[in-house]
Structure formats: C-alpha cells, structure tokens
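My entries follow in the order in which I checked things.

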Amino acid sequence: MPNGSECVEQKLLRERYYAALRSYWEVLTALEGVSNYTEFVEAYERAEGVRLLFVRARLDLEDHTREHGCLAPANHEAAGAC
C-alpha cells in the first residue's frame, strides 16, 4: 500500500479494541458503586465478561498486525501499513 494509507482490517480491529477498552473501563468503575455483596458479584461477572472481550480484541489486533506485517498507528504515517 502507498505511504499514508492504512490497512482497513487493522483499522477496524483497532476500533473494536478501543471500544472494548472503553467498555471494560466503564464496568470496572461501576464496581466502585456497589453497595452489597450481591451487587458486587453481579458487577464482577459483567466486568469479567467484558474483560474477556477486551482480551480477545487485543489478541485479534496483535495477530493481524503480526501476520500481515502492519505497522502500529504511530508508525504507519511515516512508513506505510500492510
């Protein structure tokens, strides 16, 4: 691809990763507001489910970047992407 262009799949995977990260942060901060054990268990289980989605999104992005030789976003402007 020419310099300055970006791998579409990498961009989509990165957006999914950032969305998962934001969701994970939101459910983690919700843990601070629980007032009893039952609420904590429910909030923790939600947080764990979102954490797993976040980890999967991160691994998918890393796998794509490694397999396709894509560069990290900070580097792709100077050197191009996959």
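**Ground rules.** I am working from a predicted model, in which local features need pLDDT of at least 70 and side-chain atom pairs count only at pLDDT 80 or more, while totals for chains, interfaces and linings use all residues. Residues are numbered from 1 along each chain as its sequence is written, and side-chain values use heavy atoms, with hydrogens and water left out.

**Overall fold.** I found three helices and zero strands in the protein chain, in the order α-α-α from the N terminus on; helices (H or I, at least four residues) and strands (E, at least two) are DSSP runs, numbered from the N terminus. Of the 82 residues, 24% count as buried, where buried means under 20% relative accessible area, exposed over 50% and partly exposed in between, with a 1.4 Å probe and protein chains only. I also noted that, among contacts (heavy atoms within 4.5 Å) with a separation of 6 or more, 67% join residues 24 or more positions apart.

**The helix pair.** How do α1 and α2 cross? The axes of α1 (residues 8-31) and α2 (residues 37-68) come within 8 Å and cross at roughly 160 degrees, the axes being lines fitted to C-alpha atoms, for helices over the stretch in contact, with angles from 0 to 180 degrees between N-to-C directions. The two helices are therefore roughly antiparallel to each other, a term for angles over 145 degrees. By class, I list 17 nonpolar, five polar and seven charged residues in the contact of α1 with α2; Ala, Val, Leu, Ile, Met, Phe, Trp, Tyr, Cys and Pro count as nonpolar, Asp, Glu, Lys and Arg as charged, and the others, Gly among them, as polar.

**The core.** The largest nonpolar core has twelve residues, including Leu-13, Tyr-17, Ala-20, Phe-54, Ala-57 and Leu-61; such a core is a set of buried Ala, Val, Leu, Ile, Met, Phe, Trp, Tyr and Cys residues joined through side-chain atoms within 4.5 Å. The elements that give two or more residues to this core are α1 and α2.

**Two residues of α2.** Ala-57 lies in α2 and is buried, with a relative accessible area of 1%. Leaving out residues up to four places away in sequence, I see Ala-57 touching Arg-16, Tyr-17 and Ala-20. Leu-61, also in α2, is buried at 14% relative accessible area, and its C-alpha atom is separated by 7.4 Å from that of Tyr-17, 44 residues apart along the chain.

Notes
Parallel < 35°, antiparallel > 145°, perpendicular 65-115°, else oblique.
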